[in-house]
Amino acid sequence: MAISLNSGLTVAVSRSIRQTSLHNVNLTTNPFSFNCNFSLTPNVSAISASHRSSSVIYSSTGTETPVVSEDTINVLDDVQVFDLNGQGVPISDLWKDRKAVVAFARHFGCVLCRIRADYLAAEKDKMDAAGVALVLIGPGSVDQARKFYEQTKFKGEVYADPSYRSYEALRFVSGITTTFTPGAGLKIIQAYMEGYRQDWELSFEKDTRTRGGWRQGGIVVAGPGKNNITYIHKDKEAGDDPDIKEILNACCVQG
């Protein structure tokens with residue numbers, strides 16, 4: 001079986017994935033190509049555990065010690081994001097008067113970002129009970145943000161960052177080699193097997209292709225207080241979600 005994700009990305013999978021190993025996963029995109037041969041146990045969901053990012057910074061439990069530089073805080077204070085009605089708001093206002101889990105998507109069409117949205121939304125009741133807001137920000141336009149919201153029915157708040165300045169301020173990694181990796185390829189296979197789909201129309205809009213498509217996101221826990229960012233996870237590759245317990249612990253929510 002071959003899953004053709006677009007003209008530049010093809011993932012080949014053996015027909016009997018439940019009974020045999022997965023062979024010859026080829027992720028090809030010009031001008032680079034990634035080819036690898038390895039085995040996969042029948043439990044495909046185990047993939048994610050082996051690709052956790054080590055780029056997590058957080059303060060000790062119970063403390064309120066910021067984990068980003070003062071320069072980053074100052075830049076974020078000038079970054080404006082836009083809600084689904086097109087209303088602009090300084091990004092730091094999202095956590096000024098409350099604690100918030102703020103997820104940054106790679107872009108609004110990304111299939112792995114839809115998994116991120118769902119795995120956070122699954123814990124929203126616990127966040128609500130603890131008075132913690134759930135927010136998702138994507139690089140792109142308000143129209144793209146609306147389409148994402150309509151498609152995913154995300155339970156939290158959705159904002160667009162057309163300037164990409166929040167991603168630059170937080171120094172999220174960028175580049176084709178962080179997008180097309182063996183780990184990301186396996187996660188895409190798993191996502192498609194679970195019924196998730198990439199929105200190729202959103203993915204191939206010019207601004208996404210030229211600016212947002214190669215930049216990864218992350219997850220921040222911040223507030224209350226503009227300067228109070230106490231946890232940051234920076235994706236090292238596409239689909240690099242941390243353990244949900246780590247996020248809940250960072251925002252003092254009982255897992």
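**Cysteines and a helix pair**

Mentor: Cys-110 is buried, as its relative accessible area is 2% (buried means under 20%, exposed over 50% and partly exposed in between, with a 1.4 Å probe and protein chains only). This is a predicted model, in which local features need pLDDT of at least 70 and side-chain atom pairs count only at pLDDT 80 or more, while totals for chains, interfaces and linings use all residues. Residues are numbered from 1 along each chain as its sequence is written, and side-chain values use heavy atoms, with hydrogens and water left out.

Trainee: And Cys-113, buried or exposed?

Mentor: Cys-113 is buried, with a relative accessible area of 6%.

Trainee: How many disulfides does a search of the whole structure find?

Mentor: The search finds zero disulfides, a disulfide being a pair of cysteine sulfur atoms within 2.5 Å. Cys-110 is in no disulfide, and the nearest cysteine sulfur, which belongs to Cys-113, is 3.1 Å away.

Trainee: New topic: at what angle do H2 and H7 pack?

Mentor: Helix H2 (residues 111-121) and helix H7 (residues 182-193) pack at about 70°, with their axes 9 Å apart. That makes H2 roughly perpendicular to H7, because angles of 65 to 115 degrees count as roughly perpendicular, under 35 as roughly parallel, over 145 as roughly antiparallel and the rest as oblique.

Trainee: Which residues make the contact?

Mentor: From H2 there are Val-111, Leu-112 and Ile-115, and from H7 there are Ala-184, Lys-187, Ile-188, Ala-191 and Tyr-192, where contact means heavy atoms within 4.5 Å.

Notes:
Axes are lines fitted to C-alpha atoms, for helices over the stretch in contact, and angles run from 0 to 180 degrees between N-to-C directions. Helices (H or I, at least four residues) and strands (E, at least two) are DSSP runs, numbered from the N terminus.
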